[in-house]
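Subject: Structure handover, with notes on contacts and cores

Dear colleague,

Here is the structure that I promised to pass on to you. My notes on what was found in it follow below.

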Amino acid sequence: MSKPLKQIHLAAHFPGVNNTTVWSDPEAGSHIEFSSFAHFAKTTERAKFDFLFLAEGLRLREQGGKIYDLDVVGRPDTFTVLAALAAVTEHLGLTGTINSTFNEPYEVARQFASLDHLSGGRSAWNVVTSWDAFTGENFRRGGFLPQEERYSRAKEFLATTQELFDSWHGDEILADQESGVFLRDAKPGSFVHTGQHFDIHGQFNVPRSPQGRPVVFQAGDSEEGREFAASSADAIFSRYATLKEGRTFYTDVKNRLAKYGRRHDQLLILPAASFALADTDAEAEELARTVRRQQVSGATALKHLEFVWNRDLSSYDPEGPLPDIDPDVSDNHISKGRAQVRMYRDPLATAREWRELAAANNWSIRDLVINTGNRQNFVGSPETIARTINEYVQADASDGFILVPHITPTGLDAFADKVVPLLQEQGVFRTEYEGPTLRHHLGLAHPDDLQDEQRVAS
Amino acid sequence: MSPSSSSPSLLHLAVALDGTGWHPASWREPEARPRELLTAGYWADLVAEAERGLLDFVTIEDGLGPQSSHFLDPDERTDQVRGRLDAVLIASRIAPLTRHIGLVPTAVVTHTEPFHLSKAIATLDYVSTGRAGLRVQITARPSEAAHFGRRTIPRIEAYDSPETQELVTDLFDEAADHVEAVRRLWDSWEDDAEIRDAATGRFIDRDKLHYIDFEGKHFSVKGPSITPRPPQGQPLVTALGHQTVPYRLIARQADVGYVTPHDTDQARAIVAEIRAEQETAGRADELLHVFGDLVVFLDDDPAEAAARRDRLDTLAGEPYQSDARIFTGTPSQLADLLGEFQAAGLTGFRLRPAVLGHDLPAITRGLVPELQRRGAFRTDYEADTLRGLLGLDRPANRYAAA
């Protein structure tokens with residue numbers, strides 16, 4: 001008997017600060033005005049996606065001591081946009097990245113619980129960590145966490161907010177106008193948390209929200225990040241969107257669940273994926289090439305090389321050969337506020353590899369960056385893209401994808417109109433939302449039911 | 001100093017939204033909807049009603065701990081509304097559903113980050129296309145400090161002691177610093193910083209982005225903001241004050257101050273004090289509104305309003321007391337009183353409905369038409385932004401080269 005078809009989960013990332021949005025395209029609109037977010041969210045909901053995702057930025061990136069000016073720069077506040085989007089959508093999940101280093105649990109718990117109430121149970125939190133003093137210069141608590149403490153703070157931060165969410169059980173408010181009893185208990189929301197990072201107590205002031213707790217996502221890929229996700233998250237955002245890498249990652253993370261007493265379906269694996277969609281496969285290939293060249297200008301290519309070289313390369317010709325000097329391997333000083341820098345842990349090896357690639361293919365600096373940098377994960381006609389996405393999911397390379405269009409805010413329109421119906425015809429994607437909350441869309445249990453289930457099991 | 005876009009004889013009206021209303025027994029009234037306080041629909045209906053009445057703006061109360069009948073400590077009462085949602089997020093949730101009315105959530109600045117607050121209010125300004133404001137509040141509650149665990153705030157024992165004065169002054173000075181950092185962040189992008197220059201590949205002109213380099217006693221902030229300058233340039237900043245120290249915050253940093261005079265003499269004295277502080281702060285030529293706060297019980301028959309207040313007091317088990325004057329009477333009587341206060345120097349009013357479900361419609365459908373008959377209130381929204389409604393210009397960016 002063949003395995004039943006897995007249902008695909010799809011979400012959309014409204015790209016904020018990034019190096020993939022083709023902002024110079026005449027169709028590219030505002031990345032700040034609410035009308036852009038509303039358009040994007042309505043398309044996403046029309047396509048019956050699980051949720052919309054917003055990242056966060058807390059300090060403008062710098063390169064060579066100056067604000068980085070080649071990519072989209074600037075974005076609105078995550079919570080505030082998501083709350084407003086709740087007004088123009090009915091079902092769509094609303095997911096925001098909120099940093100656990102530059103916030104305090106009481107405040108973040110209030111905001112997520114409020115968002116969950118105001119959206120009727122559609123909120124989700126992508127928990128991220130940082131440690132750098134560079135970002136910390138914008139905050140009154142200052143810089144800094146020793147790097148090794150960032151996950152310990154994140155874990156305790158998340159656990160603390162969950163204690164706050166759970167401090168109201170949901171049955172405290174009677175509001176009996178006749179008898180005059182508003183509250184069942186005199187001190188609902190009471191909490192005491194004593195830990196390494198937080199020593200707090202008192203009363204939480206937001207009653208229990210529709211989802212009980214917002215859905216939790218995790219995005220870090222380190223060993224600690226994977227463990228954190230396996231122990232505490234409902235979904236993990238990965239960047240492994242090839243079949244082989246995806247399957248390896250999928251297996252690794254799902255296998256970590258058992259030791260936390262969790263089942264395979266309690267953690268979804270959702271890689272980010274870009275796409276180039278056109279009427280035919282050939283046109284899509286052409287579009288993909290065009291988009292890659294638009295994404296990587298000569299200036300962008302040089303800046304990209306600077307991450308690895310850790311030197312000012314502005315005197316080089318982007319259409320010329322790679323620098324023959326070696327990267328500066330002292331502490332990175334050229335680029336600040338960009339996670340990508342950490343991807344190149346061995347700059348000398350990376351430089352060597354890139355020089356060999358460039359020599360073998362006769363690539364200029366810009367050619368190299370175009371060919372080694374961001375590629376569209378799915379390129380083709382609607383049929384090709386629908387088939388490929390389904391293949392990845394059925395092969396357990398992922399449970400679905402977070403699509404990142406290269407045009408804001410209309411970049412998802414064609415996908416919604418042309419690819420989604422094909423997935424629906426194949427019976428692997430919903431035609432209607434089955435329930436009101438994001439937990440429904442993701443097939444996740446309500447935390448209260450889960451606790452009951454665990455009590456019965458133990 | 002009179003605003004150019006509205007006649008000086010017009011007064012401004014805001015309404016303060018809190019739970020089911022300002023009387024602690026208000027939730028027991030038939031119109032109160034106490035089970036819906038945590039839903040978006042409840043707040044959408046209230047703000048729609050306020051907008052129907054052409055009010056300048058609504059404020060939304062908030063706090064970093066449970067509501068309490070005690071000024072400093074949580075209480076253990078079960079007979080009053082407890083629990084609430086984040087006010088900035090309520091305002092943002094309502095913004096796309098309204099078109100003209102200003103949205104002014106409360107934010108407690110004692111334990112929160114200026115960087116986060118600045119981008120949140122800037123974003124509220126984007127989602128409302130220019131109708132955002134901020135009501136700045138401090139907290140001296142030790143219990144709320146314990147929710148953050150980063151500092152302790154000593155419990156105020158005697159209000160007139162030097163220690164208390166020092167604590168209160170310090171909290172308000174910190175609030176002034178907080179607002180200063182927020183305001184600088186709003187200006188940290190010049191309006192035309194986004195250039196999308198395809199020729200050079202530059203998305204922004206980084207010379208039009210500015211580090212704010214704020215250094216204060218309690219914190220420092222580098223900047224620039226992550227969010228471009230909001231539509232109003234500077235969203236509205238407001239604060240409530242009852243004495244000299246908060247009046248100084250109003251004079252230094254606010255666009256609208258709320259005060260609580262109980263008669264016209266007191267109103268005159270408060271306005272004079274704020275104007276003097278405003279001059280000391282070097283802002284004498286800037287328009288600063290001083291609004292009177294009043295709790296209102298409004299009915300067509302004054303006896304009915306008084307009876308309603310008595311009934312609610314009986315339900316609450318004690319007479320309702322407030323920092324603000326409590327008005328009980330008809331819309332026409334209230335219009336008389338507002339006129340007298342206006343003559344004493346107040347430029348507008350923030351009314352606190354005793355029962356939102358009753359007194360808010362009484363404001364929009366009773367008081368507003370009465371004021372309009374007297375030529376004292378707008379008959380249509382005359383501007384697209386909250387600053388515009390209040391006759392405030394869009395300020396120049398402090399960092400832009402002249």
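A salt bridge is taken here as a side-chain nitrogen of Lys or Arg within 4 Å of a carboxyl oxygen of Asp or Glu. Please keep in mind that this is a predicted model, in which local features need pLDDT of at least 70 and side-chain atom pairs count only at pLDDT 80 or more, while totals for chains, interfaces and linings use all residues. Residues are numbered from 1 along each chain as its sequence is written, chains are lettered from A and ligands numbered from 1 in the order in which they are written, and side-chain values use heavy atoms, with hydrogens and water left out.

I begin with the interface. The contact (heavy atoms within 4.5 Å) takes 79 residues from chain B and 75 residues from chain A. Together the two chains bury about 6,600 Å², 60% of it on carbon and sulfur atoms, where buried area is the accessible area (1.4 Å probe) that two parts lose on being put together, summed over both. Of the area that chain B buries against chain A, 11% is supplied by Leu89(B), Arg206(B) and Ile226(B), more than by any other three residues.

Polar contacts (pairs of N or O atoms within 3.5 Å; within protein, one must be able to donate a hydrogen and the other to accept it, and residues adjacent in sequence count only if both atoms are side-chain atoms) join 39 residue pairs between chain B and chain A, both residues being at pLDDT 80 or more. With helices (H or I, at least four residues) and strands (E, at least two) taken as DSSP runs numbered from the N terminus, helix 3 of chain B gives the largest share of the side of chain B that touches chain A, namely nine residues.

Within chain A, Asp279(A) and Lys418(A) form a salt bridge at 3.6 Å, N to O, and the pair links parts of the chain that lie 139 residues apart. Asp279(A) is exposed, with a relative accessible area of 54%, whereas Lys418(A), at 40%, is partly exposed. In chain B, the side chains of Arg283(B) and Glu286(B) meet at 3.1 Å, N to O; Arg283(B) counts as buried at 7% relative accessibility, while Glu286(B) is partly exposed at 37%.

As for nonpolar cores (sets of buried Ala, Val, Leu, Ile, Met, Phe, Trp, Tyr and Cys residues joined through side-chain atoms within 4.5 Å), the largest has 179 residues, and those with the most contacts inside it are Phe49(A), Phe415(A), Leu13(B) and Leu334(B). Helix 5 (residues 162-187) of chain B gives this core its largest share, nine residues. A second, separate core of 21 residues includes Val72(A), Phe102(A), Ala193(B) and Ile226(B).

With best wishes

Conventions
Buried means under 20% relative accessible area, exposed over 50%, partly exposed in between (1.4 Å probe, protein chains only).
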